[in-house]
Amino acid sequence: MLSMLGQGFGVTLQIFFLTLVGSLPLGVVVALARMSRVKPIAWIMKFYISVMRGTPLMLQMFFIYFAPYYIFGIPLSMESKFSATIVAFIINYAAYFAEIYRSGIQSIPRGQYEAAEVLGYSRLQTFMKIVLPQVIKRILPAMGNEIITLVKDTSLAFAIGVAEMFSTAKALVASQVSMLPFVFAAVFYWVFNFVVEVVLGRVEKKMGYYHD
Amino acid sequence: MPEDNVLVKLEHGKKSFGDVAVLKDISLEVRKGEVVAIIGPSGGGKSTLLRCMTLLETLDAGSLSYGDLSVAEDNGAGHAVYGGKDVMKRAKSRFGLVFQNFNLFPHYSVIKNVTDAPISVQKRPRAEAFERGRELLAKMGLADKEDMVPCELSGGQQQRVAIARALAMDPEVLFFDEPTSALDPELTRDVLKVIRDLAAERMTMVIVTHEMTFARDVADRIIFMDDGLVVEEGRAVDVINNPQQERTRAFLSQYQQG
């Protein structure tokens with residue numbers, strides 16, 4: 001039973017890490033576009049964020065899974081379930097991350113930009129060297145919330161038929177007529193999140209050498 | 001050339017925010033080695049003037065040049081036309097600015113605050129930048145603070161780091177925007193001493209300040225601004241001790257009472 005749950009956990013881990021790898025940088029792009037001085041770009045991003053946050057992730061997953069078939073007539077496969085899950089998670093989480101980034105970027109005092117400008121830093125240098133490091137420190141607690149939610153949200157892939165840990169546990173519960181697999185799955189999720197908390201705590205401590 | 005030693009020249013500068021004319025018609029020259037103090041009531045346009053000269057704001061009309069480098073020119077139709085990116089970049093290398101609120105980079109150590117721009121903007125060798133940075137920190141009385149971060153320092157120390165940061169770029173002229181307004185009186189003294197030392201070395205400086213005694217003692221020239229205009233301008237001692245304009249007298253009398 002544990003080895004089967006372990007396999008499911010492997011898939012859960014894949015969803016988790018692939019989502020982060022895609023959505024953390026995509027969120028930066030979305031946040032910057034959301035704050036763009038070109039109004040139409042900002043409006044489009046506002047709409048995108050609104051849809052992503054305003055509709056269920058599960059529904060988005062189904063939409064992305066079935067859209068290729070209904071729009072282009074591409075046949076669906078087991079692999080496409082997994083791909084659809086990843087795509088849906090990435091674009092959904094990018095929207096949430098973008099709003100967290102935006103809150104962080106907008107909290108940096110004007111004086112920081114002005115000091116950098118007078119010293120001759122380019123816009124890119126100002127963002128990468130002065131703004132971003134301070135933003136990361138400020139948004140860490142909010143990011144922690146979102147990342148922990150992501151660990152649990154991976155279980156939504158169950159609905160589309162991806163064999164991640166929750167799906168495996170559910171199957172085991174049915175075949176063994178025992179609630180134990182659920183208990184183990186819960187422990188897995190919790191331990192995983194405990195590790196996430198420890199890592200985030202370390203990062204926070206590392207950035208605690210200054211306050212502003 | 002007769003104007004060889006003019007480092008900054010602003011002619012007929014005008015600036016409005018919406019309907020409010022903040023700078024009405026300001027002309028100002030700063031010569032090499034000169035210390036100019038700008039005084040006047042809040043809302044009189046002092047800070048806006050400084051922000052226009054340091055390119056944080058753009059003039060609506062008028063012309064601005066740094067030595068032989070023309071930054072903005074009046075197009076004849078009452079509009080200031082600014083130079084391109086390259087001109088702005090070159091202009092920025094000629095001046096430094098010290099802010100009221102220091103605006104140090106909180107995530108950088110003291111030495112990194114002072115050396116990062118020389119290294120990553122001016123592309124100076126690291127060793128040279130560090131040597132110069134340490135030299136400046138020593139001059140500011142902060143030799144033992146280089147590994148600290150700004151939040152571990154007092155306001156007066158932070159402001160002295162900010163002065164070192166500006167000086168590390170080797171500016172021709174250094175602007176101060178009310179450098180001691182955010183400081184307690186005792187901390188003010190240390191910062192003013194540093195500025196006095198710089199004046200003694202003939203560093204060219206333009207200082208917006210509310211410290212009248214300091215302005216009188218340190219500045220060669222004082223400009224009294226009110227309502228977007230230069231009301232009175234002259235030798236520091238003359239303006240403070242013997243103001244000619246009624247508005248200057250009224251303004252200065254507030255300080256004598258205190």
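Predicted model: local features only at pLDDT ≥ 70, side-chain atom pairs only at ≥ 80, totals over all residues.
Me: Which residues of chain B does UniProt list as a domain?
Reply: An unreviewed UniProt entry lists residues 8–252 of chain B under "domain: ABC transporter".

Me: How much of residues 8–252 is helix, and how much is strand?
Reply: Over residues 8–252 of chain B, the chain is 37% helix and 28% strand. The end C-alpha atoms of that stretch are 27 Å apart.

Me: In what order do the 6 strands of the open sheet in chain B come?
Reply: The order in chain B is β7-β8-β9-β3-β10-β11, and the pairing is mixed.

Me: Which are the edge strands there?
Reply: They are β7 (95–98) and β11 (229–235) of chain B, each of which pairs on one side only. On average, neighbouring strands of this sheet are turned by 15° against each other, with direction ignored.

Me: What about β8 and β9 of chain B: parallel or antiparallel?
Reply: Strand β8 (residues 173–177) and strand β9 (residues 204–208) of chain B pair in the parallel sense, over 5 bridges. B:Phe175 stands opposite B:Val206 in β9(B).

Me: Which strands does helix α1 of chain B lie across?
Reply: Helix α1 (residues 46–53) of chain B lies across β3 (35–39), β7, β8, β9 and β10 (221–226) of chain B. Its direction is at about 145° to β8(B).

Me: And helix α6 of chain B, which strands does that one lie across?
Reply: Helix α6 (residues 185–200) of chain B lies across β3, β8 and β9 of chain B, running at about 145° to β9(B).

Me: Moving to other strands, how many bridges join β1 to β2 in chain B?
Reply: Strand β1 (residues 6–17) and strand β2 (residues 20–31) of chain B are joined by 8 bridges and run antiparallel. In their hairpin, 2 residues lie between the strands, and B:Gly18 takes a positive phi near 65°.

Me: What is the bridge partner of B:Lys9 in β2(B)?
Reply: In β2(B), B:Lys9 has B:Glu29 as its bridge partner. β1(B) also pairs with strand β4 (residues 61–66) of chain B, in the antiparallel sense over 5 bridges. In β4(B), the bridge partner of B:Lys9 is B:Ser65.

Me: Back to helices: at what angle do α3 and α5 of chain B cross?
Reply: Helix α3 (residues 110–120) and helix α5 (residues 155–167) of chain B cross at roughly 20°, and their axes come within 8 Å. Therefore α3(B) is roughly parallel to α5(B), since angles under 35 degrees count as such. The crossing of α3(B) past α5(B) is right-handed.

Me: Which residues of α3(B) and α5(B) meet?
Reply: B:Val110, B:Asn113 and B:Val114 in α3(B) meet B:Val161, B:Ala164 and B:Arg165 in α5(B). The residues of this contact divide into 4 nonpolar, 1 polar and 1 charged.

Me: In chain A, at what angle do α3 and α4 pack?
Reply: Helix α3 (residues 57–72) and helix α4 (residues 78–107) of chain A pack at about 130°, with their axes 8 Å apart. That angle makes α3(A) oblique to α4(A). The crossing of α3(A) and α4(A) is right-handed.

Me: Which residues in α3(A) meet α4(A)?
Reply: A:Leu57, A:Gln60, A:Met61, A:Ile64 and A:Tyr65 in α3(A) do so, and their counterparts in α4(A) include A:Ala84, A:Ala88 and A:Ile91. The residues of the contact of α3(A) with α4(A) divide into 10 nonpolar, 4 polar and 1 charged.

Definitions and conventions: Residues numbered from 1 in each chain as written. Chains lettered and ligands numbered in written order. Heavy atoms only, no water. Axes fitted to C-alpha atoms, helices over the stretch in contact; angles between N-to-C directions. Helix = DSSP H or I, 4+ residues; strand = E, 2+ residues; numbered from the N terminus. Parallel < 35°, antiparallel > 145°, perpendicular 65-115°, else oblique. Left-handed = near helix turned anticlockwise from the far one by under 90°. Contact = heavy atoms within 4.5 Å. Nonpolar A, V, L, I, M, F, W, Y, C, P; charged D, E, K, R; others polar. UniProt positions renumbered as here; feature names shortened; annotations may be inferred. Pairing = 2+ DSSP bridges.
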